[in-house]
Amino acid sequence: MNLRKLILVNNACYKAGKNIVPRGIMVHSTGVNTPNLRHYVGPDDGLLGRHDNHWNQNRPDGREVCVHGFVGRLADGSIATYQTLPWNHRGWHAGGEANNTHIGFEICEDDLSDGAYFQAVYREAAELCAHLCRLYNLSEKDIIGHYEGHHLGIASGHKDPEYWFFKYGKSMDAFRGKVGELLGNY
């Protein structure tokens, strides 16, 4: 895992200063063709590349949104994870009660046509989840997709990351299995 940190200190969510006790992890995907981390994380730290419309502002695009991290592409094309909130900070990612219980991160989607990119970010996301499970004494069973959060009544009605995973023959069950392997549970 290529984990870096750039906390979104200018985002209203960070400024709200509310903490949680993480009881789970919610996996999101961005839903738009923006694989480059610089579209969400900033300012440029020399690895991201310059972009002025990142989420390190009060309300990005006028919305109350903020996740704990992003998985995507750096300017040099390599894959990385950026932590953007303290892991125990209450994020604005689920559109429901999961904000009070779950760490949420986004996987930056491409145009859904690059299998190598998908495999790389899928692996990075699984490694991030294994890291967070170890940090907070969670298991792979504590990981859900946003769409699963909706079915549980704790998140808004989104379909991520199911549709993207499905395109490559993956599912949240397969993802949890991968995390379980990384944790040594299988």
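The exercises below concern a predicted model.

**Exercise 1.** Describe the largest pocket by its volume, by the residues nearest its centre and by the classes in its lining.

*Solution.* Begin with the volume, which is about 460 Å³ for the largest pocket. Next, turn to the lining, which is made up of 28 residues, with T30, W55, R63, V65 and E106 lying nearest the centre of the pocket. Finally, sort that lining by class, which gives nine nonpolar, 13 polar and six charged residues.

**Exercise 2.** Work out the strand order of the six-stranded sheet, and say which strands form its edges.

*Solution.* The sheet is open, its pairing is mixed, and its strands follow the order 1-4-3-5-2-6. Strand 1 (3-5) and strand 6 (143-145) are the edge strands, since each of them pairs on one side only. On average, and with direction ignored, neighbouring strands of this sheet are turned by 25° against each other.

**Exercise 3.** Which residue in strand 6 is the bridge partner of V27, and which helix touches both strand 2 and strand 6 while making about 150° with the direction of strand 6?

*Solution.* Strand 2 (residues 24-29) and strand 6 run parallel and are joined by three bridges; the partner of V27 in strand 6 is G145. The helix that packs on the sheet in this way, touching strand 2 and strand 6, is helix 5 (residues 172-183).

Key: Residues are numbered from 1 along each chain as its sequence is written. This is a predicted model: local features need pLDDT of at least 70, side-chain atom pairs count only at pLDDT 80 or more; totals for chains, interfaces and linings use all residues. Side-chain values use heavy atoms; hydrogens and water are left out. On a 1 Å grid over the protein atoms alone, a cavity is a set of points where a 1.4 Å probe fits but cannot get out, and a pocket is an open set with protein on both sides within 12 Å along at least five of seven lines; lining residues have an atom within 4 Å of a point. Grid points are joined across faces, edges and corners, and a volume is the space filled by probe spheres set on the points. Ala, Val, Leu, Ile, Met, Phe, Trp, Tyr, Cys and Pro count as nonpolar, Asp, Glu, Lys and Arg as charged, and the others, Gly among them, as polar. Two strands pair if DSSP finds at least two bridges between them. Helices (H or I, at least four residues) and strands (E, at least two) are DSSP runs, numbered from the N terminus. Axes are lines fitted to C-alpha atoms, for helices over the stretch in contact, and angles run from 0 to 180 degrees between N-to-C directions. Contact means heavy atoms within 4.5 Å.
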